[in-house]
Amino acid sequence: MKIKVIYWVCTSLLFLFEGVMPAFTGTSELALEGIRHLGYPEYFGAHLAIMKVLGSIAIMLPMIKGRLKEWAYAGLFFDFLWAFISHGFVDGFGNAQTLFVLVPVAIWIGSYATYHQLQKAD
């Protein structure tokens, strides 16, 4: 029961921050400024928002299993990895904004690890 609670808390947080928020703010001026700040073209923000929304939906829905869910987890992990690297090179690796990316990584680890524990229990 404890594993299931941790899984749903972490997965719901991922869905809120990586699925719901980009759906509403992915093309906002603040989001576009962040994309420009990192040196990426503006259209990259819309593509990234779409992929985050689709990936977090795939992670959130219990009927999606197997490879599709694994690819969704991988996509979010690479999103976090490249966000960390991009912020690190632009703002410095000791910068608070760069280090903040590690918060969703911790949530991702919680969701991913407990997902596999629940799969083994079934």
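E42 is partly exposed, with a relative accessibility of 41%. Here, buried means under 20% relative accessible area, exposed means over 50%, and partly exposed lies in between (1.4 Å probe, protein chains only). This is a predicted model: local features need pLDDT of at least 70, side-chain atom pairs count only at pLDDT 80 or more, and totals for chains, interfaces and linings use all residues. Residues are numbered from 1 along each chain as its sequence is written, and side-chain values use heavy atoms, with hydrogens and water left out.

**Salt bridges: the count**
- A salt bridge is a side-chain nitrogen of Lys or Arg within 4 Å of a carboxyl oxygen of Asp or Glu.
- That rule gives 5 salt bridges.

**The network**
- Salt bridges link E29, E33, R36 and E42 in a network.
- R36 pairs with E42, and their closest N and O atoms are 2.4 Å apart.
- R36 also pairs with E33, with 3.3 Å between the closest N and O atoms.
- E33 and R36 are both in helix α2 (residues 29-37), 3 residues apart, about one turn of the helix.
- Helices are DSSP runs (H or I, at least four residues), numbered from the N terminus.
- R36 is partly exposed at 30% relative accessibility.
- E33 is partly exposed too, with a relative accessible area of 41%.

**The E18–K52 pair**
- E18 and K52 form a salt bridge through their side chains (3.1 Å, N to O).
- E18 lies in helix α1 (residues 2-25) and K52 in helix α3 (residues 43-60), so the pair ties together parts 34 residues apart in sequence.
- Both E18 and K52 are buried.

Conventions. Helices (H or I, at least four residues) and strands (E, at least two) are DSSP runs, numbered from the N terminus.
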